[in-house]
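The following paragraphs lead through one protein structure, with the criteria behind each term stated along the way. Please keep the sequence and the coordinates open while reading.

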Amino acid sequence: MSDPPISCADNDCFTQLLNWTPHMNAYLIDPSKREIRSIELTEGVSQIAPLLGAKSVDFDEIDDGGDRLYFDEDCFIKAKPGDARFKVDNLAPVSGAGVICGPTAASGALGQMKNDLESLTRRVQFL
């Protein structure tokens with residue numbers, strides 16, 4: 001996460017800090033392209049469902065660090081033979097895309113990720 005772009009020249013530092021929205025790094029896993037790419041989420045967890053084309057999302061924690069894999073809650077019901085899928089470590093395979101990001105606060109704000117692209121590349125298997 002980057003530091004807020006605060007300028008105290010106008011003596012309104014506190015208001016600027018309150019209005020600052022961090023851009024959290026996350027990773028989009030696209031099994032149809034067999035790729036994992038970095039994305040920025042500016043609106044927290046509320047941005048994930050539309051990104052995945054889902055009505056609602058569910059998640060699994062991928063390790064003790066708190067990072068989470070978000071996926072379409074209906075991906076297991078909608079799955080058809082031949083659909084692009086992936087899995088992380090020993091978690092159940094996911095049909096369709098997924099997003100990995102840091103832990104989520106009660107407010108929906110995303111926390112800092114513990115995993116980087118290199119470690120996720122070793123842990124994600126495209127099926």
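At 9% relative accessibility, Asp-72 counts as buried, where buried means under 20% relative accessible area, exposed means over 50%, and partly exposed lies in between (1.4 Å probe, protein chains only). The structure is a predicted model, in which local features need pLDDT of at least 70 and side-chain atom pairs count only at pLDDT 80 or more, while totals for chains, interfaces and linings use all residues. Residues are numbered from 1 along each chain as its sequence is written, and side-chain values use heavy atoms, with hydrogens and water left out.

Asp-72 forms a salt bridge with Lys-78, their closest N and O atoms lying 2.8 Å apart; the term denotes a side-chain nitrogen of Lys or Arg within 4 Å of a carboxyl oxygen of Asp or Glu. Lys-78, for its part, is partly exposed, with a relative accessible area of 45%. By this rule there are 5 salt bridges. One of them joins Glu-35 to Arg-37, with 3.5 Å between the closest N and O atoms, and here Glu-35 is partly exposed at 28% relative accessibility, as Arg-37 is at 41%. Asp-63, Asp-89 and Arg-123, in turn, are linked in a network of salt bridges.

A further salt bridge connects Glu-118 with Arg-122, the closest N and O atoms being 3.3 Å apart. Because these two residues are 4 residues apart in helix 4 (residues 117-123), about one helical turn separates Glu-118 from Arg-122. Helices (H or I, at least four residues) and strands (E, at least two) are DSSP runs, numbered from the N terminus. Glu-118 is exposed, with a relative accessible area of 56%, and Arg-122 is likewise exposed at 61%.

Turning to the strands, 3 of them form an open sheet in the order 6-5-8, with antiparallel pairing; two strands pair if DSSP finds at least two bridges between them. Strand 6 (94-95) and strand 8 (124-126) each have a single partner strand and stand at the edges, so one side of each is left without a neighbour in the sheet. Strand 5 (residues 85-88) pairs with strand 6 in the antiparallel sense over 2 bridges, and Val-94 in strand 6 is the bridge partner of Phe-86.

Phe-86 also belongs to the largest nonpolar core, which has 15 residues, and is listed with Ile-29, Leu-69, Val-88, Ile-100 and Val-124 as having the most contacts inside that core. Such a core is a set of buried Ala, Val, Leu, Ile, Met, Phe, Trp, Tyr and Cys residues joined through side-chain atoms within 4.5 Å. At least two residues of this core come from each of strand 1 (24-30), strand 4 (68-72), strand 5 and strand 8. Apart from this core lies another, of 11 residues, including Leu-28, Ile-48, Leu-52 and Tyr-70. If neighbours within four places in sequence are left aside, Phe-86 is in contact with residues including Ile-29, Leu-69, Val-94 and Val-124, contact meaning heavy atoms within 4.5 Å.

Where is Pro-103 found? Pro-103 is in the loop between strand 7 (98-101) and helix 4, and is partly exposed, with a relative accessible area of 27%. The C-alpha atoms of Pro-103 and Arg-68 are separated by 6.3 Å, although the two residues are 35 residues apart along the chain. Leaving aside neighbours within four places in sequence, Pro-103 is in contact with Gly-66, Asp-67 and Arg-68, and also with Ala-109, Leu-110, Gly-111 and Gln-112.
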